[in-house]
Amino acid sequence: MDGVIAPWTGSHNALNSYGDDHRERRAPIAAALTRRRVEAMTPVIESIVQDVLDGLDGVGAQRKVDLVQSYALFIPHEVITRLLGVPAEHLPAFSAAAAGLFDTSAGAEEMTRSMGAVLALLEQLVAGAREHPGDNLVGDLVRAADASGNPLSDAALRDQLMLIIAGTEATAHAIGTLLVHLLSHPDQLDLVTSGQVPMEDALTESLRLRPPIASVPLRFAARQFEDARSGEQFGEGDPILIAGADLHPERYEDPEWFDVRREGGSRSLAFGYGPYVCPGASLATREIVIAVTRFLERYPHARLALAPETLEQTASFISNCYTSIAVELS
């Protein structure tokens with residue numbers, strides 16, 4: 001369980017825990033990521049997005065940018081560091097290490113190094129919040145954990161913060177993927193920019209069609225069985241990756257078509273299901289909607305520089321996203 005797989009399969013966090021253990025670990029995160037916290041972050045998100053867009057305005061006469069590196073990644077990383085209260089001097093190293101956690105092409109040594117760097121900073125943040133809980137997410141998480149019937153240890157709090165960091169990477173790539181879907185479907189883009197369809201509906205459809213996190217969490221077969229459709233055999237304890245549920249033809253008509261007016265798209269599993277619904281879904285949705293809306297307002301004539309099928313994808317079985325999205329701004 002060393003290296004690539006270990007951070008994603010352990011029962012040490014709310015993602016892979018079950019029953020009472022899952023509820024106890026999840027509760028502080030759900031209590032900290034409140035509607036009040038999301039509303040308070042909205043003007044911050046708007047300000048971050050405007051700053052990044054202003055930076056794009058300075059790209060010069062060639063007017064071509066990489067949406068991933070120049071736009072999408074900046075926004076959630078900046079939001080989460082402000083939300084957590086990460087000291088400014090630690091921001092570059094923290095962002096680089098957090099991104100490294102998703103590179104499943106990395107070796108065990110590289111993965112261990114990235115994990116160690118992130119955990120060390122999170123331990124500092126939790127320890128600081130124990131002494132002086134501030135008005136940030138770590139402070140809220142500590143207060144919520146201490147108020148519960150079975151307070152979480154510092155290590156458990158650190159592990160829950162790891163999930164929030166994982167969500168920032170997913171949020172960044174959801175921004176890029178939604179823009180790819182809209183820019184490559186002009187009729188759908190017109191429905192959204194004209195106000196006929198809310199951006200939230202377009203996001204829901206984009207997440208259904210291409211969720212940024214495709215294969216987490218792992219599930220394990222409780223008994224030996226055979227999948228009726230594929231004939232695949234599973235033994236007791238075999239790991240199962242659930243990646244294509246939202247493309248099932250019995251669930252959606254023309255499931256591989258991007259349709260912002262699709263009915264029932266909100267039932268997708270992109271943000272999880274039941275007790276495993278992502279507690280940061282509201283914050284992520286707010287970030288993505290603001291980032292994509294403001295980009296299209298600033299650059300209404302932007303277009304993809306490459307066909308969607310030629311865009312480079314991440315070397316990861318966890319992330320389902322593009323490493324680069326070349327866009328001509330005008």
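This is a predicted model: local features need pLDDT of at least 70, side-chain atom pairs count only at pLDDT 80 or more; totals for chains, interfaces and linings use all residues.

1. Helix 8 itself spans residues 137-147 and is mostly covered, with eight of its eleven residues buried. At the start of helix 8, the backbone nitrogen of Val138 has a side-chain oxygen of Asn136 within 3.2 Å.

2. As for the protein overall, twelve helices and seven strands are assigned, and 47% of its 330 residues count as buried. Among contacts with a separation of 6 or more, 68% are between residues 24 or more positions apart.

3. Helix 5 (residues 74-84) packs on helix 9, and the axes of the two come within 9 Å and cross at roughly 155°. Because angles over 145 degrees count as roughly antiparallel, helix 5 and helix 9 are described as roughly antiparallel to each other, and their crossing is right-handed. Helix 5 contributes Pro76, His77, Ile80 and Leu84 to the contact, while helix 9 contributes Leu161, Ile164, Thr168, Glu169, Thr171, Ala172 and Ile175. By class, the residues of this contact comprise seven nonpolar, three polar and one charged.

4. Which side chain is joined to that of His77 by a polar contact? The partner is Glu169, at a distance of 3.3 Å, and both residues belong to the contact of helix 5 with helix 9. His77 has a relative accessible area of 12% and is therefore buried, the cut-off being under 20%. Leaving out residues up to four places away in sequence, His77 touches Ser95, Thr168 and Glu169.

5. Helix 9 (residues 154-183) also meets helix 12 (residues 281-298), their axes coming within 9 Å and crossing at roughly 40°. That angle makes helix 9 oblique to helix 12, and this crossing, too, is right-handed. On the helix 9 side the contact involves Thr171, Ala174, Ile175, Leu178, Leu179, Leu182 and Leu183, which meet Ala284, Glu287, Ile288, Ala291, Val292, Phe295 and Leu296 of helix 12. The contact of helix 9 with helix 12 is made up of twelve nonpolar residues, one polar and one charged. Thr171 and Ile175 take part both in this contact and in the contact of helix 9 with helix 5.

6. His181 is another histidine to inspect, and it lies in helix 9. Its relative accessibility is 8%, so His181 counts as buried. Apart from neighbours within four places in sequence, His181 is in contact with Ser206, Leu209, Arg210 and Phe258.

7. A last point concerns backbone geometry. Most residues other than glycine have a negative phi. Asp254, however, has a phi near 45°, a positive value in a residue other than glycine. Asp254 is located in the loop between strand 5 (239-240) and helix 12, and at 53% relative accessibility this residue counts as exposed.

Key
Residues are numbered from 1 along each chain as its sequence is written. Side-chain values use heavy atoms; hydrogens and water are left out. Helices (H or I, at least four residues) and strands (E, at least two) are DSSP runs, numbered from the N terminus. Buried means under 20% relative accessible area, exposed over 50%, partly exposed in between (1.4 Å probe, protein chains only). A polar contact is a pair of N or O atoms within 3.5 Å; within protein, one must be able to donate a hydrogen and the other to accept it, and residues adjacent in sequence count only if both atoms are side-chain atoms. Contact means heavy atoms within 4.5 Å. Axes are lines fitted to C-alpha atoms, for helices over the stretch in contact, and angles run from 0 to 180 degrees between N-to-C directions. Angles under 35 degrees count as roughly parallel, over 145 as roughly antiparallel, 65 to 115 as roughly perpendicular and the rest as oblique. A crossing is left-handed if the near helix is turned anticlockwise from the far one by less than a right angle, and right-handed if clockwise. Ala, Val, Leu, Ile, Met, Phe, Trp, Tyr, Cys and Pro count as nonpolar, Asp, Glu, Lys and Arg as charged, and the others, Gly among them, as polar.
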